[in-house]
Amino acid sequence: MARYLWGMRITHLFLLIAPLCAFGQPPPGYYDAAAGLSGDQLRTALRDIIAGHTVLDYGSLWNYFPLTDHREGSTSLVWDMYSDVPGGTPPYQYVFGTSDQCGNYDSEGDCFNREHSFPKSWFGGDAPPMNSDLHHLYPTDGYVNNKRGELPFGRVGSADWTGQNGSRTGMNISQGYNGTVFEPLDAYKGDLARAHFYMLTRYWGQTASWSSPGLQSGDLAQWYEALLLTWHASDPVSEKEMERNNIVFAHQHNRNPFIDNPQWVQSIWGPVASVQELDALVPSVRVQGDELIIDVPYAYTSGGIELFDTAGRVLHTGSLAGSSTRIPLQLSSGHYVALVTIDTQRHAKRFVR
């Protein structure tokens with residue numbers, strides 16, 4: 001069992017000479033090329049800004065974690081998102097530069113290792129530079145890391161395994177996927193979502209062959225996109241993330257743009273991002289009493305409807321039925337977006353309840 005060691009010295013000289021620029025912000029003009037863009041144009045511009053980063057050696061990550069992931073108030077203790085108890089006492093804590101770092105374990109609390117929050121099997125195993133990209137790599141308990149494995153994140157109903165801090169695995173209860181998922185604590189869901197958004201931007205153009213239940217055609221699968229948008233909205237950027245982004249930038253020389261500019265998540269993956277509406281035959285969406293009515297003025301093979309609030313949370317998912325579909329509305333007053341999918345075309349329609 002790992003022990004909480006007080007006063008443990010970190011002997012790596014590397015840690016004692018962290019650059020002062022680690023606490024800086026984006027250089028002036030860093031994001032200028034992305035100004036005023038949205039959708040895939042924005043993603044492409046951001047990719048061009050953050051691509052070509054300094055590729056770190058995978059083995060050297062042990063030296064960077066004490067800089068990027070130390071607990072608040074202590075440079076020697078590991079901030080493990082899979083074992084932390086925000087506002088409480090973690091069930092165990094690890095110390096950098098000791099035998100707590102390992103590759104072998106028998107149970108939770110034995111040691112910590114390197115977690116690819118965006119599983120490396122999704123992008124082809126040990127392929128560089130993804131394999132050592134610090135923006136999605138974190139030090140976590142080895143046993144919990146193994147329990148998560150290649151699973152996508154999700155919402156667990158009945159857990160088949162629960163970690164000591166409440167992280168758990170089990171069948172997903174979010175619409176669109178009925179497989180096994182890993183659910184971390186609420187306090188870190190936004191962090192992990194923004195790491196995913198980073199990966200699908202930094203490597204945009206290389207993702208067509210990537211494969212997982214959370215991916216489809218080189219981008220986020222619809223169910224996973226909705227989940228991560230919700231997590232991003234419900235767990236805003238924290239001081240921990242901002243400081244980590246600055247430190248990674250000081251060594252890897254690129255940034256996670258969705259920590260610096262959280263609104264860009266909606267601009268790329270939100271329900272109205274880069275959706276074009278034609279003036280010709282398009283579905284119409286209208287509110288009539290307590291129903292939302294979707295009229296489609298032409299024949300189609302398949303159709304679906306999703307309702308979102310302004311934060312991007314999915315409120316309803318269903319199928320279209322013929323030329324006119326009626327959906328009972330149980331929504332409070334406000335502005336909403338209906339995303340209507342007709343065969344391969346998407347149409348975003350704003351409406352007011």
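Guide: Two strands count as paired when DSSP finds at least two bridges between them. A strand is itself a DSSP run of E with at least two residues, a helix is a run of H or I with at least four, and both are numbered from the N terminus. The model is predicted, with local features needing pLDDT of at least 70 and side-chain atom pairs pLDDT 80 or more, while totals for chains, interfaces and linings use all residues. Residues are numbered from 1 along each chain as its sequence is written, and side-chain values use heavy atoms, leaving out hydrogens and water.

Visitor: Which residue of β5 stands opposite Arg168?

Guide: Glu183 does. The strands concerned are β4 and β5 (residues 180-183), which pair in the antiparallel sense over 4 bridges. β4 (residues 168-172) also pairs with β3 (residues 156-162), again antiparallel and over 4 bridges. There Trp161 stands opposite Thr169 of β4. The hairpin of β3 and β4 has 5 residues between the strands, and Gly166 in it takes a positive phi near 105°.

Visitor: How do I read a sheet, and in what order do the strands of the 3-strand open sheet lie?

Guide: Start with the general idea: side chains in a regular strand alternate between the two faces of the sheet. In this structure, the open sheet of 3 strands has the order β8-β9-β12, with antiparallel pairing. At its edges stand β8 (284-288) and β12 (324-328); each has a single partner strand, so one side of each has no neighbour in the sheet. From one strand to the next, the twist averages 20°. Such angles run from 0 to 180 degrees between N-to-C directions, and the axes are lines fitted to C-alpha atoms, for helices over the stretch in contact. Between β8 and β9 (residues 291-295) there are 5 bridges, and Arg286 has Ile293 in β9 as its bridge partner.

Visitor: Which strands stand at the edges of the sheet with 4 strands?

Guide: Its order is β11-β10-β13-β14, and the pairing is antiparallel. β11 and β14 (345-352) are the edge strands, and each has a single partner, so one side of each is left without a neighbour in the sheet. Here the twist averages 15° from one strand to the next. β13 (residues 335-342) pairs with β14 over 8 bridges, in the antiparallel sense. Within that pairing, Arg350 of β14 is the bridge partner of Val337.

Visitor: What is a salt bridge, and how many does the structure hold?

Guide: Side chains of opposite charge can pair when their charged atoms come close. A salt bridge is counted when a side-chain nitrogen of Lys or Arg is within 4 Å of a carboxyl oxygen of Asp or Glu. The structure holds 14 of them. One joins Arg43 to Asp40, with the closest N and O atoms 3.5 Å apart. Both residues lie in helix α2 (residues 39-50), 3 residues apart, about one turn of the helix.

Visitor: Is Arg43 buried or exposed?

Guide: Buried means under 20% relative accessible area, exposed over 50%, and partly exposed in between, with a 1.4 Å probe and protein chains only. Arg43 has 2% relative accessibility and counts as buried, whereas Asp40, at 38%, is partly exposed. In another salt bridge, between Asp126 and Lys120, the closest N and O atoms are 3.2 Å apart. Asp126 is exposed at 53%, and Lys120 is partly exposed at 31%.

Visitor: Which helices hold Glu241 and Arg194?

Guide: The side chains of Glu241 and Arg194 form a salt bridge, 2.8 Å from N to O. Glu241 is in helix α7 (residues 239-252) and Arg194 in helix α5 (residues 189-202), so the pair ties together parts 47 residues apart in sequence. Both residues are buried. Elsewhere, salt bridges with shared partners join Arg168, Glu183, Asp186 and Lys189 into one network.

Visitor: What is a pocket, and how many residues line the second largest pocket?

Guide: On a 1 Å grid over the protein atoms alone, a pocket is an open set of points with protein on both sides within 12 Å along at least five of seven lines; a cavity is a set where a 1.4 Å probe fits but cannot get out, and lining residues have an atom within 4 Å of a point. The second largest pocket is lined by 16 residues, and Ser174, Gln175, Trp223, Ala226 and Val314 lie nearest its centre. Its volume is about 330 Å³, that is, the space filled by probe spheres set on the points, which are joined across faces, edges and corners. α6 (222-234) and β11 (314-319) each supply at least two lining residues, and the largest share, 6 residues, comes from α6.

Visitor: How many residues of that lining are nonpolar, polar and charged?

Guide: The lining divides into 7 nonpolar, 7 polar and 2 charged residues. Nonpolar covers Ala, Val, Leu, Ile, Met, Phe, Trp, Tyr, Cys and Pro; charged covers Asp, Glu, Lys and Arg; the others, Gly among them, are polar.
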